Amino acid sequence: MNSYVIGIDIGTQGTKAALFNEDMEMIATAFEASKLISPKPGTVWQEPDDLYASCAATIRELLDKSGVAAKDVAAVGIDGQMAGIMGIDESGEASTYYDSWLDTRCGKYMEEMRSRAGKRIIELSGGPATYVHGPKILWWKNEHPEAYEKTARFVMPQAYVVGRMTGLSASEAYFDYTHLHFSCLADNAGKRWSDELLETFDIDKSKMPRIVSPFEVVGRVTKDFAAISGLIEGIPVVAGCGDTAASTFGSGMFDRGQILDCAGTASVLCSVVDSFVPDIENETLTMMRSPVDGLFLPLAYISGGGMCVRWFRDTLSGKPAASYDVLEKEAGPVEPGSEGLYFIPHFSGRVLPSNTDLKGSWLGLDFKHTRGHMYRAVMESIAYEYKFYLSVLRSLYPDDDFRSMVTIGGGAKSALFSQIKADVLGVDVMVFETGETALLGSAVIAACGVGMLSDYKQPIRRVMKKRAEYLSDAEKHRAYSFYADAYLKAIDQVTPFYNSVAQKGSSAQSQIG
């Protein structure tokens with residue numbers, strides 16, 4: 001019996017791959033850096049051939065490193081970036097480049113979708129129109145009609161790669177359901193495309209592929225892909241899912257009421273629920289489907305939350321930069337609220353709820369404030385944002401008990417950061433050693449898809465190791481309530497200023513042009 005499975009994560013920074021045995025123990029890993037093409041601010045894409053080639057290269061590296069025979073690989077599972085999109089022609093070849101989630105050129109169409117059907121988009125798809133699929137498809141249609149016309153289906157990057165690996169035509173192309181909340185064009189609850197939204201924005205339904213489960217075996221490795229990857233022809237490949245969906249799945253998010261903090265480059269807070277309740281009022285939480293059918297993962301995020309922590313260290317802590325340990329020792333004794341110092345971490349605008357003109361800011365600086373105050377304020381700002389997300393979550397699901405949180409990612413290494421989150425949110429925080437959660441998630445999905453595993457929960461929980469626990473301090477939680485409210489008021493106060501600056505800046509640029 002074949003006893004190995006490959007998981008691949010097509011991320012923004014690069015493509016990672018890992019080989020797992022039947023106990024879901026990682027045997028070997030490989031990585032190839034991404035080639036992001038960004039000729040000017042706001043323009044970011046990747047060449048589809050690069051995405052495809054990176055998967056082949058990392059698979060070959062896995063086999064070379066491990067010495068495992070290709071005939072012993074039972075299945076391949078792939079996850080990928082979620083908010084960008086690309087097109088394929090009738091043969092399954094790329095008709096556009098991969099329009100990255102970092103590309104903001106579709107802003108005009110984002111505003112158009114909001115003005116024409118904003119609340120209805122959230123009600124049906126589960127998420128607001130931001131720099132995601134719907135606005136990007138409208139951008140291609142209106143700005144590059146020849147490419148739109150040539151496009152037979154719009155697909156996700158992992159679905160494109162799987163299609164190339166297995167020789168899928170456009171009629172066989174697919175869109176897994178973990179991406180529906182980013183589409184702006186779906187009936188998410190019904191796992192189908194919304195005729196209403198497609199008609200509202202005059203998007204041809206025939207260009208939207210069939211919707212499938214991440215666990216579905218959609219094809220088998222072709223002779224051509226086998227030749228460049230080192231695999232053998234005929235190995236099954238599952239549909240796979242989005243990278244965040246794979247990561248949450250690989251983190252053991254299976255039970256209703258769980259909270260997960262992904263403390264990485266982005267700061268993501270999500271939970272597990274078993275019903276679809278779109279956030280129509282606050283337009284903050286987006287309703288991502290779990291790979292497990294019937295579960296939803298309501299989430300919101302700060303696009304560069306973790307980057308703010310690193311930015312402070314690299315830019316403002318001195319030359320050479322201070323270590324995180326030194327900064328933490330300085331920030332630890334500072335009282336909750338950093339003695340009236342507030343930091344706004346939205347360097348690229350606030351994503352959820354959308355506030356595109358907002359920028360990073362310090363408020364309340366005083367001569368008493370030290371480097372320790374400033375570092376603590378950066379951490380506290382992310383916790384304040386999370387507290388708002390959690391309040392929205394509780395308003396949508398008043399019968400659920402969101403009382404404890406698991407934190408993973410680079411930020412989970414900081415004891416101070418975890419304690420601040422526990423105290424601000426009023427929940428206990430547990431830190432787990434989980435490894436490469438997206439790769440593990442994709443591998444387990446593939447193994448379950450081909451019947452190699454009958455239970456997805458047990459192998460994931462087996463590799464999770466609890467490292468630390470931080471209990472919420474009731475007194476500090478009460479103190480933080482004032483500062484968390486003040487943080488939200490600060491955002492409201494500075495927003496008109498940034499809106500005005502953006503409008504005047506745009507006007508000035510047009511006059512110069």
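A three-residue hairpin connects strand 1 to strand 2, and that makes a handy starting point for a tour of this predicted model. Strands here are DSSP runs (E, at least two residues) numbered from the N terminus. Residue numbers start from 1 along each chain as its sequence is written, and side-chain values rest on heavy atoms, with hydrogens and water left out. Because the model is predicted, local features need pLDDT of at least 70 and side-chain atom pairs count only at pLDDT 80 or more, while totals for chains, interfaces and linings use all residues.

**Strand 1 and its neighbours**

- Strand 1 covers residues 4–10, and six of its seven residues are buried, so the rest of the structure largely encloses it; buried means under 20% relative accessible area (1.4 Å probe, protein chains only).
- With strand 2 (residues 14–21), strand 1 pairs in the antiparallel sense over seven bridges; two strands count as paired if DSSP finds at least two bridges between them.
- Within that antiparallel pair, Ile10 has Thr15 of strand 2 as its bridge partner.
- Strand 1 also pairs with strand 5 (residues 73–80), in the parallel sense and over seven bridges.
- On the strand 5 side, Asp79 is the bridge partner of Asp9.

**A look at Glu93**

- You will find Glu93 in the loop between strand 6 (86–88) and strand 7 (98–99).
- Glu93 has a relative accessible area of 37%, which makes this residue partly exposed, the class between under 20% and over 50%.
- Leaving aside residues up to four places away in sequence, Glu93 touches Gly87, Ile88, Tyr160 and Arg164, where contact means heavy atoms within 4.5 Å.
- Glu93 and Thr151 are 58 residues apart along the chain, and their C-alpha atoms are separated by 9.6 Å.

Methods
Helix = DSSP H or I, 4+ residues; strand = E, 2+ residues; numbered from the N terminus.
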